[in-house]
Amino acid sequence: MQVLSSIQAVRTALAAARANGGSVGFVPTMGYLHAGHMELVARARAENEIVVASIFVNPLQFGPAEDLARYPRDLERDRTMLEKAGVDILFAPGVEDMYPYPMKTVVDVPELGGELEGAVRPGHFAGVATVVTKLFNIVQPKNAYFGEKDYQQVVIIKRMVDDLAQPVRIVSVPTVRDADGLALSSRNVYLSAEERRAAVIVPRALDEAERLVAGGLSDPQVLEAKLAEFIGREALAKPEVVAVRDASTLKHVAKIEDPVVVALFVRIGATKLLDNRVIAGKDSSGRGEAS
């Protein structure tokens with residue numbers, strides 16, 4: 001596996017690899033990898049001749065009061081995991097490599113990025129869309145792989161790609177979970193033992209949502225209120241976003257009929273946990289996905 005930090009080095013390496021006609025699969029990450037990331041890599045490895053992963057903790061998507069400085073990092077550990085998984089090129093730039101001078105260009109999907117998580121993290125998704133666009137321009141993949149745990153991010157990136165006619169197929173991969181249902185996340189390392197036990201309230205709330213909808217509840221506002229109350233039973237949990245939205249557009253719905261996404265943004269202590277589930281209305285025949 002080649003480990004490269006400069007944009008030009010990545011372009012040169014991929015030009016040589018593409019000379020043989022192979023497709024490029026790309027897995028962008030912020031590092032501190034876990035089994036969820038490895039599932040993305042495995043999917044990319046199965047579908048492409050060349051697999052590129054990136055590790056870059058992107059400052060554009062962190063607000064001034066957020067955890068950029070303490071975001072977990074372990075490049076050597078990540079490098080070993082990616083090499084064992086069959087990645088061909090690891091792009092691990094520094095901030096000075098990605099942003100040699102202050103960025104004056106922003107890519108944004110404000111109608112989608114200002115909702116849900118974006119409502120409590122202003123500018124976050126503009127930072128995500130901007131860095132992903134830049135990474136796509138550098139790597140020029142045929143396929144790119146993202147986890148459905150970050151459901152809103154997947155919807156935004158798919159829309160961005162469509163709107164800008166970027167020649168990239170976005171592949172969303174189901175969330176990988178621990179045995180107790182908690183979605184794997186690099187930020188789980190922040191949780192104390194007590195907080196980790198409390199964190200199961202998040203996937204349990206999604207189970208409760210599915211149970212309530214299966215039982216006939218179709219009013220999204222009632223469902224949101226019930227889920228907020230359910231999460232609030234855990235003393236260490238603070239539900240910051242509990243939302244029921246159209247699974248494809250993230251727009252408000254008047255009634256749960258077509259598939260909806262139940263999106264949760266919950267703080268356990270000082271740690272934010274994201275999770276979601278797509279649920280079909282009781283009378284709906286299908287289930288949606290981030291598309």
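Two strands pair if DSSP finds at least two bridges between them. Helices (H or I, at least four residues) and strands (E, at least two) are DSSP runs, numbered from the N terminus. This is a predicted model: local features need pLDDT of at least 70, side-chain atom pairs count only at pLDDT 80 or more, and totals for chains, interfaces and linings use all residues. Residues are numbered from 1 along each chain as its sequence is written, and side-chain values use heavy atoms, with hydrogens and water left out.

- Strand S3 spans residues 50–55, and six of its six residues are buried, so the rest of the structure largely encloses it.
- Buried means under 20% relative accessible area, exposed over 50%, partly exposed in between (1.4 Å probe, protein chains only).
- One side of S3 carries Ile50, Val52 and Ser54, the other Val51, Ala53 and Ile55; all are buried.

**Strand partners**
- S2 (residues 24–29) runs parallel to S3, joined by six bridges.
- Phe26 lies opposite Val52 in S3.
- S4 (residues 89–91) also pairs with S3 in the parallel sense, over three bridges.
- Here Ser54 faces Phe91 in S4.

**Crossovers**
- Helix H2 (residues 35–47) forms a right-handed β-α-β unit with S2 and S3.
- Right-handed means that, with the strands pointing away from the viewer, the path from the first strand over the helix to the second runs clockwise.
- Helix H3 (residues 75–84) forms a right-handed β-α-β unit with S3 and S4.

**His34**
- His34 sits in the loop between S2 and H2.
- His34 is buried, at 17% relative accessible area.
- Beyond neighbours within four places in sequence, His34 contacts (heavy atoms within 4.5 Å) Met81, Leu184, Ser185 and Ser186.
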